[in-house]
Amino acid sequence: MDETSPLKGMKALLETIRERANYGLQQIAALEEVRSLRWRCTTCGHVKRFTRPVPKETADDCPKCKATEFVVER
Ligand SMILES: [Zn+2]
C-alpha cells in the first residue's frame with residue numbers, strides 16, 4: 001500500500017492554495033502601491049490633487065486636455 005500518494009496530493013493542493021493566496025496578496029499590494037494624493041496628466045502635465053490617496057482610476061480624465069493617462073506625481 002502506497003502511503004505517500006495521499007500526502008503528495010494533499011501537499012500539491014495546499015501548495016496550489018498558497019500560490020493563489022500569494023497571488024491575491026500581490027494583486028492587493030500592487031493596487032495599494034498606485035494610490036496617490038497627486039496624479040499628473042502625461043499629456044499636458046496638469047496635476048490632479050486629492051484629499052486622500054486614490055487609485056489611478058479615480059483620477060479619471062484630465063480637466064484640461066481630456067487625456068486619461070496619469071502618472072503618480074511625487
Ligand atoms: Zn491633461
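## A guided set of close-ups

**View 1. The whole chain and its confidence.** The protein chain has an average pLDDT of 89, and 93% of its residues score at least 70; pLDDT is the predictor's confidence in each residue, from 0 to 100. This is a predicted model, in which local features need a pLDDT of at least 70 and side-chain atom pairs count only at pLDDT 80 or more, while totals for chains, interfaces and linings use all residues. Residue numbers start from 1 along each chain as its sequence is written.

**View 2. An overview of the fold.** You can find 2 helices and 3 strands in the protein chain, in the order α-β-β-α-β along the sequence. The radius of gyration (taken over C-alpha atoms) is 22 Å, well over the 11 Å that the globule rule gives for 74 residues, so the chain is more spread out than a compact globule. That rule is 2.2 Å times the number of residues to the power 0.38. Helices (H or I, at least four residues) and strands (E, at least two) are DSSP runs, numbered from the N terminus. Along its principal axes, the C-alpha trace spans about 75 × 20 × 15 Å.

**View 3. Two domains.** The domain assignment gives domain 1 (1-33) and domain 2 (35-74); such bounds come from an automatic or database domain assignment. The C-alpha centres of domain 1 and domain 2 are 37 Å apart.

**View 4. Strand 1 and its two partners.** Strand 1 pairs with strand 2 (residues 47-54) in the antiparallel sense over 4 bridges. Strand 1 also runs antiparallel to strand 3, joined by 3 bridges. Two strands count as paired if DSSP finds at least two bridges between them. Look for Arg 40: it stands opposite Val 47 in strand 2, and its bridge partner in strand 3 is Val 71. Ser 36 has Val 54 of strand 2 as its bridge partner.

**View 5. The hairpin turn.** Strand 1 and strand 2 form a hairpin with 5 residues between them. In this turn, Gly 45 has a positive phi of about 85°.

**View 6. The largest nonpolar core.** Trp 39, Cys 41, Ala 59, Cys 62 and Phe 70 make up this core of 5 residues. A nonpolar core is a set of buried Ala, Val, Leu, Ile, Met, Phe, Trp, Tyr and Cys residues joined through C-beta atoms within 7 Å. A residue is buried if 20 or more other C-beta atoms lie within 10 Å of its own, exposed if 12 or fewer, and partly exposed in between, with C-beta atoms placed from the backbone. Of the 74 residues in the chain, 9% count as buried.

**View 7. Around Cys 65.** Cys 65 is in the loop between helix 2 and strand 3 (70-72). With 13 other C-beta atoms within 10 Å, Cys 65 is partly exposed. Leaving aside its neighbours within four places in sequence, Cys 65 is in contact with Cys 41, Thr 43 and Cys 44; contact means that C-beta atoms, placed from the backbone, lie within 7 Å.

How values were computed
Two residues are in contact if their C-beta atoms, placed from the backbone, lie within 7 Å.
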